[in-house]
Amino acid sequence: MPAVEDRSDVEKYDDWLGDVAAALAWHGGDAEATIRTLLADCKYLREQLALAEIAMSLGFTRGWKPAHDRETARSS
């Protein structure tokens, strides 16, 4: 049985801040460029998800269909 990961909210927040800092550092601290890149990545991944949805049969995925936004994914 896998060990249960016991991490505090502070540790999780630190991880999130580290991801934000890394994204900003990649763009030399330019927040606008960081947001533009993240939005472009999001658009690209949504397009890829749409293509995968078209290409996959329901039998292959055992009835599962991808959700295109988080609210739909949570309520499923």
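Visitor: What is the mean pLDDT of the chain, and what does pLDDT stand for here?

Guide: The mean pLDDT of the chain is 80, and 80% of its residues reach 70 or more. The term pLDDT is the predictor's confidence in each residue, from 0 to 100. This is a predicted model, in which local features need pLDDT of at least 70 and side-chain atom pairs count only at pLDDT 80 or more, while totals for chains, interfaces and linings use all residues. Residues are numbered from 1 along each chain as its sequence is written, and side-chain values use heavy atoms, with hydrogens and water left out.

Visitor: What makes a stretch of the chain a helix?

Guide: Helices are DSSP runs of H or I with at least four residues, strands are runs of E with at least two, and both are numbered from the N terminus. By that rule the chain has three helices and zero strands, in the order α-α-α from the N terminus on.

Visitor: Why is threonine 34 called buried?

Guide: Buried means under 20% relative accessible area, exposed means over 50%, and partly exposed is in between (1.4 Å probe, protein chains only). Threonine 34 has a relative accessible area of 7%, so it is buried. Of the 76 residues of the chain, 5% count as buried.

Visitor: Where is threonine 34, and which residues does it touch?

Guide: Threonine 34 is in helix α2 (residues 31-55). Leaving aside residues up to four places away in sequence, threonine 34 touches Ala23, Leu24 and His27. Contact here means heavy atoms within 4.5 Å. A polar atom of the threonine 34 side chain also lies 2.9 Å from the backbone oxygen of aspartate 30.

Visitor: How do you know that arginine 36 and glutamate 32 form a salt bridge?

Guide: A salt bridge is a side-chain nitrogen of Lys or Arg within 4 Å of a carboxyl oxygen of Asp or Glu. For arginine 36 and glutamate 32 the N to O distance is 2.9 Å, and their side chains meet in a salt bridge. Both residues lie in helix α2, four residues apart, about one turn of the helix. Arginine 36 has a relative accessible area of 48% and is therefore partly exposed, whereas glutamate 32, with 54%, is exposed.

Visitor: How many salt bridges does a search of the whole structure find?

Guide: The search finds two. Lysine 43 forms a salt bridge with glutamate 47, with the closest N and O atoms 3.7 Å apart. Lysine 43 and glutamate 47 also both lie in helix α2, four residues apart. Lysine 43 counts as exposed because its relative accessibility is 53%, and glutamate 47 is partly exposed because its relative accessible area is 40%.

Visitor: What makes the nonpolar surface patch, and what is its area?

Guide: Tyr13, Trp16, Leu17 and Val20 make a nonpolar surface patch of about 390 Å². Patches are made of residues with over 30% relative accessible area and no salt bridge; like charges are joined within 9 Å, and nonpolar side chains (Val, Leu, Ile, Met, Phe, Trp, Tyr) within 5 Å. Accessible areas come from the Shrake-Rupley method with a 1.4 Å probe, and for residues only the protein chains shown count as cover. Tryptophan 16, found in helix α1 (residues 9-26), counts as partly exposed because its relative accessibility is 48%.

Visitor: Why does proline 66 count as buried, and where is it?

Guide: Proline 66 has 9% relative accessibility, so it counts as buried. Proline 66 is in the loop between α2 and α3. Leaving aside residues up to four places away in sequence, proline 66 touches Leu49 and Glu53. The C-alpha atoms of proline 66 and glutamate 53 are separated by 6.8 Å, with the two residues 13 apart along the chain.

Visitor: Is glutamate 53 itself buried or partly exposed?

Guide: Glutamate 53, in helix α2, has 25% relative accessibility, so it counts as partly exposed.

Notes. A polar contact is a pair of N or O atoms within 3.5 Å; within protein, one must be able to donate a hydrogen and the other to accept it, and residues adjacent in sequence count only if both atoms are side-chain atoms.
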